[in-house]
Each structure stands twice: as C-alpha cells, then as structure tokens.
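Visitor: Hi! Could you walk me through the salt bridges in this structure?
Guide: Happy to, let's take a look together.

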Amino acid sequence: MGNFGDILQNATTLGLIYGLMAIGLFISYRILDVADLTVDSSFTLGAATSAIFTINGKPLLGVIMAILAGMCAGLVTAFLQTKLKINPILAGILTMTGLYSINLWVMKKTPNLSLMRLKTIFTPLENLVGKKLAYFLISLFLVALVSVLILLFFKTHIGLAIRATGDNEDMVRSSSVNVDVMKMIALALANGIVALSGATLAQYQHSADIGMGTGIVIMGLASLVIGEVVVGRKHLAQNLIAVVVGSILYRIIFALVMELGISASDIKLMSAIIMILSISYPVIVQKVKYLRQKQLAKKIDITNICCSGEGGNGKYVGSDSNNQNI
C-alpha cells in the first residue's frame, strides 16, 4: 500500500472536484425533484470544452465556456420536458445521446485529448505552493465559491420559486409563477455546475476522454446519500456540506479499495458494489432497526404472557374452589 497521506490527499481533492458535480445533481434531484440523466454527457461536454481551450492556451476561458456549454445542455433537456412534454427521464436520455456526438465534434472527433505539459488553471498556484497543494486549494475554492453563490441564489425570489416548484408544482402554477421557466433555470444551473466539475477534472488529470462521464449520475447519487447519512439534511447549507462530504468519503473509500490490489478489469465491479452499498445503506439501517424492534416486541410479549399465565392460574384455582363450595 502506498503512502496513506498521499492517498488521502488525492482522494480528498478528487472528492472536491466531483463534489461540484454532486452539487449540480443535488439541484436537479433534490431541489427540483427531477431525475436528470443529462449529467452523464454534460460532465463530458464540460471536460471537452475545457480541454480544447486549454490546448489553445486559454484554460480559464475554457472553464467559463464549459459552464456555458453545460447550461445550454440543461436548457435543451428542460425544453424537451416543458415545451414538448417529454418524460423527464426520456428527455435526459435523448439529450445525453445527442451530446455524445456533439462532444466528439468538440474534441475534433478524437476520443481522447491530452493536456500534458500545458498550462492549466492550477499552474499559477503550482509555482507557489507545489502541485498537490495547488490542486487541493483551487478545488476547495471552487466548491466554496459555488456553494456560497447557490446559497445566495436560492434566497432570491427566483430561487425560492424554484424550490417551491420542486415541493409543489401545482401550487406554484396556481400562484401565477411560470413553472416552465423555473425548470429551465434550475436545469441550466445544475448542468452548468456539472460541466464546471468536468472542466476542472480535465485540467486536473491533464486529459479529457469521451467516456469520462459514464456512471456519473450513480456516483453523484451515492455521494448524496452518503453525505445525508453522515451529515444530515435539515437545511440548504447543511445539504450542500453533506453533498461535498459524501463525495469526499466516496472517493476515499474507492481509493482504499483500489489500494487492496484490485485489478483494472474489476474496477467497474467494485465501483458498482460501493455505489449499491452507499445507496442502500439507509434501507439496510431501517431493516436492522425494524428487526431489533420486532425481537424486542417478541420478548415483551413472552414476558407478558408468562406474567398473565401465573396470574391466570391463581384465579382459576380460586374460582374452582368456589365452585366446589357451592
């Protein structure tokens, strides 16, 4: 096993980067209450856009353009849902499928782009504090910045209307609020943040791959569930912290499992197992609590039966003696 400190630091940095994706998924899945599968491809779109601009010597502009590209992808999905009345899951699948070709166009029809020896958004800080610390600090800054902006946004009139749309769409519509516009804004925002995550990851690992978004939705949901179990979900700020903490914990678990010597061919299987355990953890805990309560109830019933049995025998003898006297 390698140095535990390095493993922990790398996993934490990756957890922060993927935490941005999990925040975007939180907006669509928890706040808007929509299962948005666009995330798989908008993540790759962000990485591809960022990589192309980085190759041309403009990494920061690449991140900004990646956010805008992700927002456009979210708008397409929202348009399919609201204007064409397509089922939300199917709308996400259609957008995801179409984005595969668009991502290849952005990457100039090559499945992989290398950014080795190119300047990235991390480069200026690398020269000051070193590579690993620069990766961590910039990732932490991006997560903190996005979290603060989201907290401020969802306190505005539009933000509150989006939250209300997720809670009770019919009530919001009866209040003369345009629900379709709220969905468009929320899905654009969510996919923009997801694309930011992909853009940051591409510059972090110095490459972009056409398949790097595969399974991102499941990973994000696993992070969301882990965070909610560990941190809780009482209010929005706690929810955002929970999502990021869950993402970090997921990456740490994944890194430790990989250190056990798992072969490359088994990585997908191990990822699936970790995700299944993460997502099903609350259900397992409830089942265990239910079984314990059931066993405790049985013990109480047995004790009551024994006590009532002893009292019943005494009453029976007394009534029998009375019958004999009569």
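Guide: Let's begin with E228, which is buried at 14% relative accessibility; buried means under 20% relative accessible area, exposed over 50%, and partly exposed in between (1.4 Å probe, protein chains only).

Visitor: Before we go on, what kind of model is this?
Guide: This is a predicted model, where local features need pLDDT of at least 70, side-chain atom pairs count only at pLDDT 80 or more, and totals for chains, interfaces and linings use all residues. Residues are numbered from 1 along each chain as its sequence is written, and side-chain values use heavy atoms, leaving out hydrogens and water.

Visitor: Thanks! Which residue does E228 form a salt bridge with?
Guide: Its partner is R30, with the closest N and O atoms 2.8 Å apart. A salt bridge here is a side-chain nitrogen of Lys or Arg within 4 Å of a carboxyl oxygen of Asp or Glu.

Visitor: And where do R30 and E228 lie?
Guide: R30 is in helix α1 (residues 4-31) and E228 in helix α10 (residues 216-230), so the pair ties together parts 198 residues apart in sequence. Helices (H or I, at least four residues) are DSSP runs, numbered from the N terminus.

Visitor: Is R30 buried, exposed or partly exposed?
Guide: R30 is partly exposed, at 29%.

Visitor: New topic: how many salt bridges are in the whole structure?
Guide: The search finds seven.

Visitor: Which residues are linked in a network?
Guide: E169, D170, R173 and K183. Within it, D170 and R173 meet at 3.8 Å, N to O.

Conventions: Helices (H or I, at least four residues) and strands (E, at least two) are DSSP runs, numbered from the N terminus.
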